[in-house]
Amino acid sequence: MTERRRLIELGKDILIVLLTISALWLAGRNQMLGPLTRLINGEETQLPVAGQTAGKDLWEGIRPLRIAARLPGEEESAICGILYEEAACDTLFGQVAGVLAETLTGAVTPEAVTREDWENTLRQRPGLMLDFQGQIPLSVLSGWLTGTPILLNSPVRRVLLAAEADGVSLTYRDEETGWYQRIRSREASPDRLLEALSPLTENGAFYAFQSDTYSDLDPDTLLPANPPVLPVCAASNAAGGGRSSLEELMENLELPVNANGIYRGADSEWVARSGSGTLRLSDWGVAVYEAGEGAEDRFSLGSDPSLYEQVDTCRRLTFSALSGRVGQGRLGLISVREMDQGLEVRFGVSLNAVPVVSSEASAARFLIRDGRIERFELVLRSYTATEEVTMVLPPRQALAALEAEQLSGAELQLIYRDTGADRVEVSWAAAGAGTGEG
């Protein structure tokens, strides 16, 4: 009996060990699949960033402003364009973000394709064209979708997800070289992509290359059948508190202030010293940080940081500083460029899926050199929709009105132009071809 009891107890111990191993395996599996599952289900992923508004997720800075769906069927004109509809665009992007993530992470080496291949895919393959506010490196796009960047750094403005017989393809134009490329993934599900398309219907939207009338425009310009009605927005300085605004901004950026380090400058600005660096906040709401020569550099990125690490650091700082100060505006990455002075990273603001264009050019601009942020500029400008609306011309009349501006290759696009007044209105503009910038 004693031997039998010993064997029973030994069996219990073995069972407990097996159950423990099983539980640990499941927990690890759920932890790995969790981010992607939340993407597929449209849920948000919290960012572990001090000072950032709760609820902001990793792909907040890469939500597309416009989406065009090529619907299943034989008609090449069967397009549903989602333009100037922020909520609808967000909903559809949430449904396909998982497919996009899987396509990027499961892709093989890019293959070269032609402009004709790009247009044929837009016309013929069921799928989605995602049009972002600016140019996003693929490594950053994949990193913010999944937490793991891929090795491709090609900057893209538009990407085309298309359902294939054995997976999903992603076609894009490298905005630096002008070359078209395609990557394919057998892991991504074409059925989920087609499922997202199923409730959509044709609404008369079209690309400029589909109409002789708009042949002078950037051929990928996406135009609505009817002009939208968009609100006039009130604009205001989000840093009107002077010294208190500067102190709050220093706290958001986690910049310690030197003893007696805040004072009123001579050029209508407040100045704060942190270590050897300086942050200046003007009375009109522009903050400028310049690093000093000291060793206690707050914004050092370590030795040989990757492009993704550099851009992601800028994202964290931008959202920490501005996410609560742009009102109903939305922040988004608009460019990453190598310049003589270093790497420049810029973020812009959009309202109602329409980019805001101002004399400042961007809401946040960073200059990175030798593994540290040497300078950044922040525009603290808040926007709120009013009950007043703006009626804009139909695209054809807008084209006629803008022909004097030499539109060849430009994009006809709606923008909110901020001139520094207390209100901004939407209007048509000829934006630089492929840049999304006014």
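Select S274 and P256 to start: a polar atom of the S274 side chain sits 2.4 Å from the backbone oxygen of P256. That is a polar contact, meaning a pair of N or O atoms within 3.5 Å; within protein, one must be able to donate a hydrogen and the other to accept it, and residues adjacent in sequence count only if both atoms are side-chain atoms.

Before you click on, note that this is a predicted model, where local features need pLDDT of at least 70, side-chain atom pairs count only at pLDDT 80 or more, and totals for chains, interfaces and linings use all residues. Residues are numbered from 1 along each chain as its sequence is written, and side-chain values use heavy atoms, with hydrogens and water left out.

Stay with S274 and show its strand, β12 (residues 269-274). Strands (E, at least two residues) and helices (H or I, at least four) are DSSP runs, numbered from the N terminus. Is S274 buried or exposed? S274 is buried, at 11% relative accessible area; buried means under 20%, exposed over 50%, and partly exposed in between (1.4 Å probe, protein chains only). Now bring up M250, L255, P256 and N258, which S274 touches, leaving aside residues up to four places away in sequence. Contact here means heavy atoms within 4.5 Å.

Next, select helix α4, residues 138-146. Because 8 of its 9 residues are buried, α4 is largely enclosed by the rest of the structure. Among the buried ones are L138, W144 and L145. Step past the end of α4 and you reach G147, with a positive phi near 90 degrees.

Then try the cysteines. How many disulfides does the structure hold? The count is 0, taking a disulfide as a pair of cysteine sulfur atoms within 2.5 Å. Pick C233, which is buried at 1% relative accessibility, and C314, buried at 0%.

M391 belongs to strand β20 (residues 381-391) and is exposed, at 65%.

Finally, zoom out. The protein chain has 8 helices and 22 strands, and 53% of its 438 residues are buried.
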